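Me: Can you walk me through this structure? I'd like to go part by part.

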Amino acid sequence: MTSDCSNDGMGKDSIVEVSDLTVRFGDFTAVDGVSFNVRRGEVFAFLGPNGAGKTTTIRTITTIQRATSGRVVIDGFDIDTHRLEARRRIGIAQQHISLDNELTVAQNIRHHAMLHKIPRSEYRTRVLPIASGLGLDPYMSRRVSDLSGGWKRRAAITCAILHEPSVLFLDEPTAGLDTQSRHILWDLVRDLNAGGTTVFLTTHYMDEAEALCDRVAIISSGRISAIGTVDELRESVGPYTVEVTEGSKVAVTRHPTLEDARAYAESLGDVLCNVRLTNLEDVFLDISGGKCLVDHRCHR
Ligand SMILES: Nc1ncnc2c1ncn2[C@@H]1O[C@H](COP(=O)(O)OP(=O)(O)OP(=O)(O)O)[C@@H](O)[C@H]1O
Ligand SMILES: [Mg+2]
């Protein structure tokens with residue numbers, strides 16, 4: 001499913017609208033004319049390899065980085081003409097956690113509450129319950145530098161949601177975390193989303209995109225090569241896969257139906273083969289290899 005497909009979010013109730021966004025650093029183009037929308041209430045992901053342009057896109061949408069050209073509208077507010085209104089609706093937990101390591105969690109939270117102009121009188125009633133809700137009570141008086149990666153992330157997310165943003169940007173929220181911490185973070189994202197927050201996250205992890213996201217955009221070299229639900233992406237390359245093992249090599253074909261996949265496997269005769277559902281990793285490999293965008297049956 002290519003970026004001009006019908007499920008790129010355009011025309012629906014969009015909370016983030018990005019049109020022809022380009023970001024250059026000198027001669028280098030990090031984001032190359034991307035257009036997409038994030039729908040209100042969804043969990044949306046940018047899935048892409050190192051250097052794909054995920055962070056640059058998020059930093060530009062959230063007004064940390066200036067665009068070279070293009071347009072970004074947040075909840076109806078253009079970030080160039082209505083910067084403050086747009087900013088009020090955004091929360092961001094950056095890839096490199098931007099908390100003050102020397103301060104305690106409580107001090108960081110208080111600082112962010114001040115930045116968001118939350119009145120001191122509302123600190124106890126509005127701010128502390130958010131920290132409690134994310135399980136931070138036992139860590140409030142600990143210095144951020146003394147926290148594990150998972151708790152640092154939670155503290156950063158707490159700071160990002162104090163002002164109750166409509167859309168929360170999480171850049172690599174689970175990078176470097178152990179399996180248990182990742183699952184805790186996933187549950188946290190689901191809870192925030194169930195509470196009405198739209199979430200836009202970036203990840204390298206296929207299972208994370210598959211487990212959490214309503215729609216996924218695959219990005220590489222600053223361009224979106226596919227966008228849609230996981231099922232739509234699977235459909236776009238062929239939802240069934242036949243893996244044929246020959247020695248140490250595995251040949252892969254995609255198929256439009258289970259019957260077609262089984263018939264193909266049987267036609268191969270006496271070879272070791274496995275018929276399975278196509279997964280997001282298959283989609284990613286096909287698309288980043290430039291294959292299977294049109295033809296549903298291809299070899300890798
Ligand atoms: N301030 C900058 N100056 C020059 N080049 C930059 C700058 N910021 C990013 N880049 C380059 O832009 C490209 C995209 O970087 P970006 O950080 O957006 O990628 P990413 O998809 O977030 O990667 P990762 O998965 O490693 O976080 C990279 O080649 C990076 O080196
Ligand atoms: Mg990044």
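Me: Which domains does the assignment give?
Reply: Domain 1 (14–232) and domain 2 (237–288); the bounds come from an automatic or database domain assignment. This is a predicted model, where local features need pLDDT of at least 70 and side-chain atom pairs count only at pLDDT 80 or more, while totals for chains, interfaces and linings use all residues. Residues are numbered from 1 along each chain as its sequence is written, and chains are lettered from A and ligands numbered from 1 in the order in which they are written.

Me: How many residues of domain 1 and domain 2 are in contact?
Reply: Nine residues of domain 1 are in contact with five of domain 2. Contact means that the C-beta atoms, placed from the backbone, lie within 7 Å. The centres of the two domains, taken over C-alpha atoms, are 36 Å apart.

Me: Which element gives the largest share on the domain 1 side?
Reply: α7, with three residues. Helices (H or I, at least four residues) and strands (E, at least two) are DSSP runs, numbered from the N terminus. By class, the domain 1 side has six nonpolar, two polar and one charged. Ala, Val, Leu, Ile, Met, Phe, Trp, Tyr, Cys and Pro count as nonpolar, Asp, Glu, Lys and Arg as charged, and the others, Gly among them, as polar.

Me: New topic. Which residues are around ligand 1?
Reply: Among them are Phe25, Phe28, Asn50, Lys54, Thr55 and Gln95; a residue counts if its C-beta atom, placed from the backbone, lies within 6 Å of the molecule. The shell has four nonpolar, seven polar and one charged residues.

Me: And which element gives the most to that shell?
Reply: α1, with three residues.

Me: Now helices. At what angle do α3 and α5 pack?
Reply: About 20°, with axes 9 Å apart. Axes are lines fitted to C-alpha atoms, for helices over the stretch in contact, and angles run from 0 to 180 degrees between N-to-C directions. α3 and α5 are therefore roughly parallel. Angles under 35 degrees count as roughly parallel, over 145 as roughly antiparallel, 65 to 115 as roughly perpendicular and the rest as oblique.

Me: Why are α8 and α10 called oblique?
Reply: They pack at about 50°, and are therefore oblique to each other.

Me: Which residues meet there?
Reply: Val230, Leu233, Arg234 and Val237 of α8 meet Leu280, Asp282, Val283 and Asp286 of α10. By class, that contact has five nonpolar, no polar and three charged residues.

Technical notes:
Two residues are in contact if their C-beta atoms, placed from the backbone, lie within 7 Å.
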